[in-house]
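Subject: Structure for you, with notes on helix packing and rings

Hello,

Here is the structure I promised. Please open it first, then read the notes below.

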Amino acid sequence: MLHLLALVLSIGLADGINLTSIGPALYLAAERNPRRNVAEFAAGYVVVLLLGGLVLTVGPGRAILALVPTPTLTTRYILEIIAGVAMLIAAATLWWRRERASQRRSAHSQQSPQRPPFLLGVAISAVELPTAFPYFAAIVAIIGSGLGIADQILLVAIYNLCFILPVAAIVVVLTIAGDRAVEILTRAREFMQDHWPVLAAAVALIAGLLVTTLGATGLELHAQCPAGSISRGVRHVLTHLH
């Protein structure tokens, strides 16, 4: 359970560095009633992600598990590797297309939101969900974990909490910084517009390496050879489990 939690936390935090969610939130922070607007936007954004994840986990996920009721440990480790490789591909794609992505997202985020914040969050999240490949990779690992449905739902919820943390941080800044918040968040917006693909690629790379390592060391965990010893040591460091 703990190593799967580490996987979900890693992918969720990496996926959360996304100008699609952070950009509109930063602009809402400069409007009237900024704290409420950003909080409503975050709620609308995450509700679509959460419902989509739960549908996949409880619906098709249950059907898949009905065909394979008790996934083996090997299957679970392979799913972890798939999730990690998906993150590495995402990192490479972000880095390769960083200039184009930065220009496109900057132009998109500079459009003033016209819808109510909650509906804006719902609309943007609904458009982005079909291409949320890191999210799907995490769900694949969760479905194949063999955990009970309650634990799987909890992990999906934790992923969404990690994803929305940057937007929640904006609410915290608005609460603590008061009148200085707009200046602080304006600088943050400019920095994100210029550098978000590089930041996201770096975090996705770290998360992908961690998740892939968890899966690969799991496959060698019980091997009675030097590779097995190394795998057990690395996995102990990563998960604090022996």
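A crossing is left-handed if the near helix is turned anticlockwise from the far one by less than a right angle, and right-handed if clockwise. Helices are DSSP runs (H or I, at least four residues), numbered from the N terminus. This is a predicted model: local features need pLDDT of at least 70, side-chain atom pairs count only at pLDDT 80 or more, and totals for chains, interfaces and linings use all residues. Residues are numbered from 1 along each chain as its sequence is written, and side-chain values use heavy atoms, with hydrogens and water left out.

Helix packing. α2 (residues 19–28) passes α3 (residues 34–58) in a right-handed crossing. Their axes (lines fitted to C-alpha atoms over the stretch in contact, angles from 0 to 180 degrees between N-to-C directions) lie 8 Å apart, at about 160 degrees. Contact (heavy atoms within 4.5 Å) involves, among others, Pro 24 and Leu 28 of α2 and Phe 41 and Tyr 45 of α3.

Rings. Rings of Phe, Tyr and Trp (its six-membered ring) pair if their centres lie within 6.5 Å; planes under 30 degrees apart count as stacked, over 60 as edge-to-face and the rest as tilted. There are three aromatic pairs. Phe 41 and Tyr 45 form a tilted one, 5.9 Å centre to centre with 55 degrees between the planes. Both are buried (under 20% relative accessible area; exposed is over 50%, partly exposed in between; 1.4 Å probe, protein chains only). Ring pairs join Phe 41, Tyr 45 and Phe 163 into a cluster.

Best wishes

Notes
Helix = DSSP H or I, 4+ residues; strand = E, 2+ residues; numbered from the N terminus.
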